[in-house]
Amino acid sequence: PPPTLHIPGAGTQGEFATDSLPVSKAMVTTSLAFSLVQAQLLAIEAALPRDAFRHNKWTPALRTGWADLIVHATSSRTLLEALLVLEATIENEYLDPTFKAQSSLTIKMLLPTATIASAAMRLYALDDALSYFKPQSSISPALLKDPTLKDRFIAVLQTLQTKAAVAAPFLKPVDPDEFPTYRRIVPHPMDLHTMLQRVQDGVYDSRLQHIPIDMSRIWTNCFAFNSVQAEISTLARRLRSIFQRLMEEYVVLAPAGTLPEDLICDDACRVCRAEAQEHAMLLCDSCDAAYHSLCAGLDEVPTANWYCTRCVENPELK
């Protein structure tokens, strides 16, 4: 009998569409390569913010049917068709403009002679073209002209590296000797050290807007390789939340021309901007933002998880 691959998860960002299927259903695959494309396709859909999908185009019923199609796929053409369905539901703002422009001819060429290799190539092309970053934190053309923008990106990455409790698994490349199957599942690995080195070396000098896109590979790769319930995936979601906050504070909302040394210290209270420990300091359990307890309207440090107003009002950021 063919091997089976069970993909866990639920129907929200970071979790898999197959959760909507009966528990008894397992993914039937014809080869390892086939199962990897199935898993990657599900992982890409799971990693996208829910507002990346066209309004009323990615309904629970359609998502369930799409998951069922992948689970029961026995041909490369079926997988490619499932991929094209996914592409058609994604908002243009989440896609590189050149991808849509080139896609129609490619589809006509691929479908009649679909192979697992052509499906995989199309999948990886989509992954390259996608932005997993929220639109409100996107890099505008005006912002790209800011001469201090690169330095502020560096400040974001350097700050992330100080978050040892969260960032430790993502500081350096995954060791292929320790995880020999990693590169078969993750075609585009990324880590914080590599990102910082590339920014400092000028790799992004003409395309700074690609930094958030490449950064997102860190957590989407984690979701693809590990169970979404895994502890490391929880850390990946927290890293994503911290990155999004720092992007807002240091890159998007900082006045033009702001130098890194003029940015608010990440250890400072987000209300009074003071670092002094006159009152107990709280850290948001999602984005790691710092607040004095009194500035947050609390008389004492809560014993349970605590989330800042930004994360409470925007639960998708958690």
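User: How many salt bridges does the rule give in this model?

Analyst: The count comes to 17 salt bridges. The model is a predicted one, and each pair has to bring a side-chain nitrogen of Lys or Arg within 4 Å of a carboxyl oxygen of Asp or Glu.

User: Why is the pair of Asp205 and Lys150 called a salt bridge?

Analyst: The closest N and O atoms of Asp205 and Lys150 are 3.1 Å apart. The cut-off is 4 Å, so the pair qualifies.

User: What makes Asp205 and Lys150 partly exposed?

Analyst: Partly exposed covers the range between under 20% (buried) and over 50% (exposed). Asp205 has 46% relative accessibility and therefore falls in that range. Lys150, at 22%, is likewise counted as partly exposed.

User: How do you know that Arg245 and Asp266 form a salt bridge?

Analyst: Their closest N and O atoms are 2.9 Å apart, and the criterion asks for a distance within 4 Å, so the pair is counted. Arg245 is in helix H12 (residues 231–252), while Asp266 is in the loop between H12 and strand E3 (281–283); the two are 21 residues apart. Both Arg245 and Asp266 are buried.

User: Which residues are linked with Arg245 and Asp266 in a network of salt bridges?

Analyst: The network also includes Lys163, Arg238, Glu249, Arg270 and Asp288.

User: What makes the pair of Glu248 and Arg310 a link between separate parts of the chain?

Analyst: The side chains of Glu248 and Arg310 meet in a salt bridge at 2.9 Å, N to O. Glu248 lies in helix H12 and Arg310 in helix H13 (residues 309–313), so parts 62 residues apart in sequence are tied together. Glu248 and Arg310 are both buried, which means that each has under 20% relative accessible area.

User: Why is Asp127 called buried?

Analyst: Asp127, located in helix H5 (residues 116–129), has 10% relative accessibility.

How values were computed. Residues numbered from 1 in each chain as written. Predicted model: local features only at pLDDT ≥ 70, side-chain atom pairs only at ≥ 80, totals over all residues. Heavy atoms only, no water. Buried < 20%, exposed > 50% of the residue type's maximum accessible area, 1.4 Å probe, protein only. Helix = DSSP H or I, 4+ residues; strand = E, 2+ residues; numbered from the N terminus.
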